Amino acid sequence: MSETQITTDQTQFVETKQDSNFKRLLRSFKKNKLALYSLYVIILLLLIVIFGPWITPYDPQEANYDSILEAPSWQHLAGTDEFGKDVLSRLIVGARLSLGVGVSAVLLGAVAGTILGLISGFFGKWVDRVIMRICDILFAFPDLVLAIAMVAILGPGMKNVIIAIAFFSTPSFARIVRGETLEIKERLFIEAERSIGAKKSRIILRHVFPQTISTIIVYITMNIGGAIISAASLSFLGLGASPSSPEWGAMLSASRDYIGHAFHLIFFPGLAVFITVLVLNLFGDGLRDVLDPKTRD
Amino acid sequence: MTGLLEVNNLKTAFISDDKTTQVVRGVSFAVNKGEIVGIVGESGCGKSVTSLSIMRLLKGTSGTIQDGEVRFHDQNLLDLSEQKMRKIRGNSMSMIFQDPMTSLNPVLKIGRQLMQGIMLHLKYPKEKARKYAVSMLESVGIPRAESIMNEYPHQLSGGMNQRVMIAMAMSCNPELLIADEPTTALDVTIQAQILELMKELREKQNTTILMITHDLGVVSEVCDRVIVMYAGRVVEEGKTAEVFENPKHPYTEGLIKSMPKIGQKQSRLYAIPGQVPDPANMPKGCKFAARCPHVMDICTEKEPDLIKDEEGRKHRCWLYQGEYEGGEKVDVKSSTGN
Amino acid sequence: MTSNPVLEIKHIKKYFKISKGWFAEKKYVKAVDDVSFSIEKGRTASIVGESGCGKSTLARLVNGLIEADSGEIVFKGNDLTHKNEAVWRTFRQPMQMIFQDPYASLSPQMKIKDLVAEPLLIHYPKMSKAEIEKIVKETLDICGIGSQHLSKYPHQFSGGQRQRIGIARALVLRPELVILDEPVSALDVSVQAQILNLLKDLQEKFDLTYLFISHDLSVIDHISDDVAVMYLGNIVEISSRDTLFESPKHPYTQALLSSVPDKDPKLKRERIILKGEIPNAANPPSGCKFHTRCPFAMNVCKEVAPVMQTLDNGTQVACHLYQENQS
């Protein structure tokens, strides 16, 4: 045999049957009906968020003093408020605010938490100890109290509500990502990366982080519901959106005085928050069953 | 000849949502009393699933026995109720696994785990069971058996735990011991001890052993007879010495040739080209055809039967099936380029 | 032949601390305890031993994945001992590693072409995309992975194919020394033969030097030029392959060789079956660490650790049985 000729016993390719995450997602959702229906509702909510201003039956800001505090009817499906504004229209427009606050706050918290978690888990030692102790301290405060304190310092307003909620959701993301990182760090392919000379930054960004994404996505979905409630609570307490804005929490807050004779003013915004949070959590559960390596069989 | 265990046309499949994958495709063989029989094959050939099917230990997996029978003492184990089966398991038939740590309970002391089985199956009172357990541990070569009784599995080494497993499996004097890769997780010096122990068991107590392994060395060391499995089927069966000396099936031959041997200086090893076929997508005809150096036209069309020749050897290959006349032999392809 | 070692290891030590609780006495596992050897260019040196003997730790010490406590690692005349990560990184091109488990050693969410291109991106950041692709294709092709698979992910391949990808990844930088940590132990026999053949071909083609770690003596016999036998952190015997397998000197080597099951059922050798278990590495026996299982143990073995000495046939062995040969 000549020296240069290499005979490789050409391996024929065997496609091992392992489906992509997406296929598994679809298959698992076929079985998990609740998660599937939740997904439909979430898609509907997203459509409302996107097209809200164009599909409202009335102008949500237009006062109509001829029809104040009307109960639900065919004209006003969710009734009217104390200024005669159509509640349904306000809810539709408010979806953007409420969901927007929830999503952006959680995303912000997720980004910050992921960065901290990756650093903490990968570098370990004193870096890890410092970051985790700070998280422990933040965990010791009830979330809402922390957020109220934050808003009290920063001043009321939607932007500060987002910052406050992001701030208190950061530690939980940091913790989860750190746990994942600790585990991934010990896997053989990380050692293989080091052996080819990959720098730490490369290992973290290209090899550790992609492994944590599915967990992070699940956790984001599960947290958005909580964040919406927190945002609504802060608005209800008058610390968030201004009382006249159609943010769901603010709507609840504004209708406090009419609870006795205009129940629909409380009921519909409450229902909107309830359904949104419920479907997000159900969907998150379903997603976790598929994506989270720890619950996967 | 008395067949202690007879497996006839056993078919086992794994069933998931939308597809059924047969991994044991009509396996038949017999094990006689006092024999050590090896089932050898590479991963995915169905050897482990065969052993689990015999013990009916597929519950909790998606594996289902679709067809066939497993005759043990002339009763079909597949017909028995789960309750009756439980009485047979650990009593007249026991099994040891590759990883002893997964089959020993980590939170129970060794003594307690041993005594449980003895008290259940042999109905010994506690004190007698304890003495018997200690004697069992001693008989498998465990030093300071008394103190080991009070230790937990994690305090012992892999080899020790495997001995405990064997002691446990042997404690009710089973007629048949099924050992699934019993030495694969162990070091060679410890493997040698365990294999020696199994040979002793057969000599002293006439235990019949069905050994599942991927290691031809282990087979040649302890087995009287060997069954070679490929892609869920038996492709060859015969006395170990004969099969190793003169393998009939090209797969067996390739397997034996591809193992490096100590003291045999070859610059290259014979390598079976290609891969094991995907069980979900089996080719037509002989399952080994794509990798076979002697492949003929008929091989890719029709699957040969497992036939028994005049020497009493069994093989599933067109090369030896007399009725085949037509077609021409394709040149022997050298797959290693040597 | 002039001595021109690619790699020289001198008196290397690695102890892992295992202290339970705050007040407990500090205890160490002597994973690698004063090990020395060297590898000539183009040869295959193997380390063989049972689990816990420290052979995998040794592989990682040589590759700088873990830092040695003391001793010297000299690679092509460069002393790499106690050098920081940045210095090591520059030597990660001529020195590559192939790992045991092909399922776990490839980053799961990267395509094959990216996995194999990564070493090039790291070491040649200025290389053009076209050139990288050319080298990647070429290397994968040599390793037996056709270019139609470039965009697939590791989980779509079988174990043997993944090991080929792992080999391609190590080879893409055209290294001089390749450290192979049990490269075929996770594979089936028929695939194992394919990979061993591939490794031999590659060695010939690229003039590679191998440090081959394995527990499987028949694989070691097949692939090695020189063999070192390790037991509980020490090398007990070093020899050329032929000498070692034909006339093993150390009782442990003898026992190890005779424990390997014969592939020929007719050939029944006299077997040495060792008594007892491998001692706990955290609490090794005094003197010669093998004396608890050694069939020839003498009084001196319990007290004095034997020193390595060279016998007439070139074998280096650490055993009191051969002590008198020295004087």
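The centres of domain 1 and domain 2 of chain C, taken over C-alpha atoms, are separated by 29 Å in what is a predicted model, where local features need pLDDT of at least 70, side-chain atom pairs count only at pLDDT 80 or more, and totals for chains, interfaces and linings use all residues. Residues are numbered from 1 along each chain as its sequence is written, chains are lettered from A and ligands numbered from 1 in the order in which they are written, and side-chain values use heavy atoms, with hydrogens and water left out.

Domain 1 of chain C comprises 5-94 + 175-326 and domain 2 of chain C comprises 99-174, the bounds coming from an automatic or database domain assignment. Where the two meet, the contact (heavy atoms within 4.5 Å) takes 22 residues from domain 1 of chain C and 16 residues from domain 2 of chain C. Between them they bury about 1,700 Å², 70% of it on carbon and sulfur atoms; buried area is the accessible area (1.4 Å probe) that two parts lose on being put together, summed over both. On the side of domain 1 of chain C, Gln93(C), Pro175(C) and Leu198(C) lose the most area to domain 2 of chain C, together 30% of what that side buries. Helix H6 (residues 189-206) of chain C gives the most to that side, with 8 residues; helices (H or I, at least four residues) and strands (E, at least two) are DSSP runs, numbered from the N terminus. Across this domain interface the rule finds 0 salt bridges, a salt bridge being a side-chain nitrogen of Lys or Arg within 4 Å of a carboxyl oxygen of Asp or Glu.

The interface between chain C and chain B takes 43 residues from chain C and 44 residues from chain B, and the area buried there is about 3,600 Å², of which carbon and sulfur atoms give 53%. The count between these chains is 1 salt bridge, and Arg268(B) forms a salt bridge with Asp201(C), with the closest N and O atoms 2.5 Å apart. H6(C) gives the most to the side of chain C that touches chain B, with 10 residues.

Turning to the sheets, chain C has an open sheet of 4 strands in the order E2-E1-E4-E5, with antiparallel pairing, where two strands pair if DSSP finds at least two bridges between them. Its edge strands, each pairing on one side only, are strand E2 (28-40) and strand E5 (78-79) of chain C. Strand E1 (residues 5-17) of chain C is joined to E2(C) by 10 bridges, and the bridge partner of Tyr15(C) in E2(C) is Lys30(C). Helix H1 (residues 55-62) of chain C lies across E1, E2 and strand E4 (70-75) of chain C, running at about 120 degrees to E1(C); axes are lines fitted to C-alpha atoms, for helices over the stretch in contact, and angles run from 0 to 180 degrees between N-to-C directions.

In chain B, 8 strands form an open sheet in the order E6-E7-E8-E3-E9-E10-E12-E11, with mixed pairing, and strand E6 (93-96) and strand E11 (307-308) of chain B are the edge strands. Strand E3 (residues 36-40) of chain B runs parallel to strand E9 (residues 225-230) of chain B, to which 4 bridges join it, and Gly38(B) stands opposite Val226(B) in E9(B). Helix H7 (residues 158-170) of chain B lies across E6 and strand E7 (176-180) of chain B, at about 170 degrees to E6(B), whereas helix H11 (residues 250-258) of chain B lies across E9 and strand E10 (233-239) of chain B, at about 105 degrees to E9(B).
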